[in-house]
Amino acid sequence: MNLQLQPSTGFAAPCSLQRVRQLRRVVRSSAGGSPEQHHGRWQTSASQMLSSLADRWKLPADINTDGIQENMNSFLHKARTLIQEVAVPLINKPTQGKIIKSESESEATIDQEVVYLDTEVTVERKTPCGVLSLDAVISIEQFARLNGLTGQKMQKMFKSLAPENINNDARNLVEYCCFRYLSKDSSDFHPSLKDIAFQRLIFITMLAWENPYADSANKLASIDSYSLQGRIVGEEAFVRIAPAVKGVADITTSHYLFKVLVGDEKGISFKLWSTYLNELFRVHQGRRTYHGRENMITDENILCIGSSKKRPVLKWDNNIAWPGNLTLTEKALYFEAIGLTGTKKLMRIDLTNQGTRVEKAKVGPFNSKLFDSAVEVSSSLSSEKWVLEFVDFGGETRRDVWHAFISEVVSLYKFIREYGPSDDDPTVRHVYDSHRGKFRATKSMENTIARLQSLQYMQKLHEDPLKLVPFTYLQSAPFGDVVLQTLAVKFWGGPLITKFRPYEEVHIGNGHVYDIDGSVYLKRWMRSDTWGPKHSAAFWKNCTVKSGIILGKHLVVGERNLVEKAVFTCKERSEVIERTRATIVAATIEGIPSNINLFKELMLPFVIIAEKFNKLRRWEEPQSTTCFLLFSYTIIFRNMLVYIFPTILFVMATTMLLLKGLKEQGRLGRSFGQVTIRDQPPSNTLQKIIGLKEAMASMENYLQNLNVALLKLRTIFLAGQPEVTTQVALVLLAGSLTLFVIPFKYILSFLIFDLFTRELEFRKEVVMKFRTFIKEKWESIDATPVVILPYKSNLIDSSMTAIKDPNEDANSEKVQKHANGSV
C-alpha cells in the first residue's frame with residue numbers, strides 16, 4: 001500500500017507552495033503505472049464523481065453519462081498538465097543564499113520529510129491508557145489495510161483475542177498488526193523490502209513501538225503535518241521489530257547489528273535505515289546474476305565473489321603469491337588462479353567436512369610473516385592448506401569480513417552435525433517439514449552473509465565481524481549452547497504427522513522439546529553434549545509462554561519466543577563478562593609486576609637484536625658472520641663511514657612510510673602495534689605483599705650495585721687510590737695518542753676483529769685471563785666513603801647541636817664494607 005498518496009478534496013491557490021507540492025504529489029501518483037492503469041484510474045475517478053453528482057443533484061436518467069465521462073476525462077487530463085506546469089517552477093524556483101536542488105533531490109527530500117496516507121484513518125486514538133501517537137496510528141491503520149481490514153476492526157479483533165494484561169498496552173497492538181501481516185510471508189527475504197513505502201512503514205512501526213502513546217504536546221497533532229525528519233529509532237525497538245522482517249536482522253545478533261549501524265550516533269535515522277535495506281536488497285539481487293556468468297558453479301548457490309583489479313585475492317604457495325578469482329558458496333570455496341597464459345584449473349576446498357579449520361594468518365615473501373591480511377583454510381588435518389591474502393587498499397576490514405564469511409559456513413555445518421538429525425534418520429518422517437531444517441539453517445546463514453556484505457559496502461564495520469555471524473558467535477558466547485538449541489528447535493521442530501508416542505514432559509530429561517506453537521523436537525536428535533548441563537535443563541523447564549498471542553515460531557505478541565528468551569540471557573551474561581574483564585584489566589595494569597612485564601615487552605626488539613649479534617659474534621652461523629664482516633670492512637676501508645648515520649635515518653623514514661601504507665591497505669591487521677603482556681596469576685593479599693617485597697628487594701639490590709659502581713668511578717676520578725688513578729690515566733693517554741697517530745678506520749677494524757675473535761679457540765684462553773685481571777682490579781678499588789647524617793627537623797634551631805645517631809658508625813661501616821665488595 002503506497003504511503004505517498006493523500007486525500008485531496010479541492011484545489012488551493014497556486015501561490016501556496018505547500019498545497020502545490022501536495023497537488024503535484026497527487027498528479028505524479030496518478031500518472032504512475034502503465035497506460036492501461038492510468039486510463040482505468042482516471043475512469044474510476046470520473047465514475048465516482050458522476051455518481052456523487054447524481055446523488056446530490058438528482059440528474060435525469062436520460063443524460064448521456066458516457067459523453068459526460070469522456071468530457072470529464074479530457075478536463076482532468078488538462079488540469080493535470082496545468083498543475084505540472086505551475087508546480088514545477090514554484091518548487092524549483094531559486095532563492096538567494098540557497099543551493100538549487102534538482103527535481104529528484106527535491107522529491108527525495110519531500111518524501112523523507114512528509115508521509116501521506118491514501119486511506120481514511122479509522123483508528124480510535126483514545127485508549128484507556130492514553131492517546132495513541134501518530135506513529136502508532138499510521139502503523140496500525142496501514143498494516144490493517146494490508147491485512148484486508150480497517151484500523152478500527154483490527155483494534156476490536158485484538159481486544160477480543162488478547163488477554164486483559166496485553167490488550168491494554170498499545171505497544172502490543174502495534175506488534176499484533178505488524179506481526180500478523182509479516183506472518184503471511186514464507187520467503188527467506190521479504191519481497192517488499194525493495195519498496196520505499198514498505199521501508200518507511202517498518203521504520204514508523206519501530207517508532208510506534210518505542211513511543212505508542214502521545215505526550216501532552218503532541219496529542220492534538222495532525223497527520224497532515226507528520227514528518228520523519230530528525231526521528232531516530234532506539235536499540236530496543238530495532239531488536240524487537242527488525243528481526244521479524246525476513247532477512248533484515250537475526251535476533252541472535254541484532255543488538256550488535258544496531259551498534260554497528262549506529263556507530264557514534266544516538267539511533268537509526270530513516271536515511272540510514274533506507275540505505276541499509278537498499279544495500280541489502282542490492283546484495284540479494286547481485287547473487288541472482290552470478291549464475292548467469294560463464295565458468296561458474298551451477299549446482300551450488302554462490303554467496304559472494306572476491307576478485308577485482310583494485311582488491312585482488314592472492315593465494316600463497318611456496319612463497320609465491322598467485323592472484324585469482326575466489327568464490328564462496330554454501331558448501332565450498334573455489335579459487336581460479338590467473339597465470340601468464342590465462343586462468344588455470346578451478347580448485348575447490350570443501351567446507352562441510354568435520355575437520356575443516358579457518359584461522360587468520362600472516363604472509364610475506366621468504367616466510368617473513370609481514371602482512372597480517374590472510375586467512376588459512378584447511379578441509380582436514382591431512383589435506384592441503386590454502387593461504388589466501390585479501391589485499392585491501394581502502395582499509396583493514398576485508399580480511400576480517402572474509403574470515404567471518406568462511407567461519408560462518410564452517411560453523412553452520414558443525415551446527416547441523418551437532419544439533420540436526422542425521423540424513424538417514426527415519427524419525428524425520430514423523431515430524432512435519434523437519435526434512436527442510438537443514439535448508440532453513442542454510443538460508444539463515446546466507447542471509448547473515450548478505451547482511452555482512454551490505455555493512456561492508458556501507459563501510460560500517462568498526463567492530464569484529466565475528467559478532468555478526470550467529471553460528472560462529474554462539475559457539476564461544478556464554479549461554480550460546482542453549483541459543484543454538486532453540487535455533488535447532490526452530491529449524492527442525494514441527495507437528496507430529498504419524499502415530500508416535502509423545503511425552504507430556506517438556507524438559508529434556510524425560511522427553512522431547514516443544515516449541516511455543518506446539519512443534520516437537522525429538523529426543524532422539526539430542527546427540528549434542530550441550531543438552532545435559534543443568535542450565536540447559538532449567539531453561540527448557542521454564543520456557544513456556546504464559547501470556548501472549550502466538551502467530552508463529554518467531555512471532556509472539558506481548559511475549560518473547562524461545563530464541564529471544566535464550567538470547568536475552570546470553571546478552572546479559574555477555575555484558576557481565578565484559579564488565580568483569582574490563583574491571584580486571586583496569587585493576588591489574590597497575591603495579592610493579594605488570595610494569596616490569598610491560599618494560600620487558602617494549603625492550604624485546606632490542607633484546608632480539610642483541611641476541612642476533614651475539615650469534616654472529618660467536619660464529620654460530622659462519623656464513624652469516626663472514627658476510628657481516630665483509631660488509632663491515634668494505635664500509636670501513638671504502639671510507640663510507642660518513643654515510644652510515646644518514647643511511648640509518650633514511651631507512652627509518654622509509655620503513656615508517658612503508659608501514660603507514662601497509663596499515664592503510666589493511667595488510668598488517670587491526671592488532672598490529674599492540675603490546676601484549678601476560679596477566680599476573682590470581683593471588684590473595686598476603687601473596688601480593690610477599691610479591692611486592694620481593695620486587696622491592698630486587699630493585700634495592702639493583703640500585704645498590706649501581707651505586708657501588710658509581711662510587712668506584714668517583715674514587716678513580718678523584719684520586720681516592722692514587723696508584724689506580726695513575727694506571728687509568730696512563731691508559732687514557734695511550735688511547736688518545738693512538739687515536740691521534742693511527743687513523744680511526746684502522747682502530748675500528750681492529751676492534752671489530754677483536755670482538756669477533758674473542759670466542760675462538762686461539763684467543764679464548766688469553767681473553768679469559770684478561771677478563772680475570774680486569775675483574776680483580778675492579779674489585780680491589782675502594783668506593784668513596786659515604787657518611788649518613790642523623791635526621792634533622794626544620795623546627796629545630798640551626799644553632800642547636802645535632803645529636804649524633806648511635807647507629808651512625810655501624811651504618812657507615814656497613815656501607816663501606818659493601819662498597820669494598822665484602823658484603
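How many of the eight residues of strand β8 (residues 332-339) are buried? Seven of them are, so the strand is mostly covered, where buried means under 20% relative accessible area, exposed over 50%, and partly exposed in between (1.4 Å probe, protein chains only).

**Basis and confidence**

This is a predicted model, in which local features need pLDDT of at least 70 and side-chain atom pairs count only at pLDDT 80 or more, while totals for chains, interfaces and linings use all residues. Residues are numbered from 1 along each chain as its sequence is written, and side-chain values use heavy atoms, with hydrogens and water left out.

The predictor's confidence in each residue is given as pLDDT, from 0 to 100. Its mean over the protein is 76, and 72% of the residues reach 70 or more. Over residues 1-47 pLDDT stays under 50, and the model has 88 contacts beyond four places in sequence for them; a contact means heavy atoms within 4.5 Å. Residues 795-823 also have pLDDT under 50 throughout, with 30 contacts beyond four places in sequence. Where pLDDT is low, the predicted coordinates should not be read in detail.

**Strands β7 and β8**

Helices (H or I, at least four residues) and strands (E, at least two) are DSSP runs, numbered from the N terminus. Strand β7 (residues 320-329) pairs with β8 in the antiparallel sense over five bridges; two strands pair if DSSP finds at least two bridges between them. One of the bridge partners is E336 in β8, which faces N325 in this pairing. The two strands are joined by a hairpin through two residues.

The phi of N319 is near 65 degrees, a positive value in a residue other than glycine. N319 is partly exposed, with a relative accessible area of 38%. Another non-glycine residue with positive phi is Q459, at about 55 degrees. Q459 lies in the loop between α14 and α15 (470-473) and is exposed, at 66% relative accessible area.

**Nonpolar cores**

A nonpolar core is a set of buried Ala, Val, Leu, Ile, Met, Phe, Trp, Tyr and Cys residues joined through side-chain atoms within 4.5 Å. The largest has 135 residues, of which F238, W273, L333, F415 and Y521 touch the most other members. Helix α13 (residues 398-419) gives the most to this core, with 12 residues. Leaving aside neighbours within four places in sequence, the contacts of L333 include L326, L328, M347, I349, V377, W386, W402 and I406. Apart from this core lies another, of 10 residues, among them L314, W316, F371 and L668.

**Salt bridges**

A salt bridge is a side-chain nitrogen of Lys or Arg within 4 Å of a carboxyl oxygen of Asp or Glu. By this rule the count comes to 19.

| E279 | R282 | 2.9 Å |

D425 lies in the loop between α13 and α14 (437-458) and R524 in the loop between β14 (520-521) and α17 (534-541), so the pair ties together parts that are 99 residues apart in sequence. D425 is buried, at 9% relative accessibility, whereas R524 is exposed, at 52%.

E279 and R282 both lie in helix α12, three residues apart, about one turn of the helix. The helix spans residues 270-290. E279 counts as buried, at 16% relative accessibility. Not counting residues up to four places away in sequence, E279 touches S454, Y457 and M458.

Elsewhere, K360, D372, R399 and D400 are linked in a network of salt bridges.

**Cysteines**

The structure holds zero disulfides, a disulfide being a pair of cysteine sulfur atoms within 2.5 Å. C129 is partly exposed, with a relative accessible area of 46%, and C627 is exposed, with 52%.
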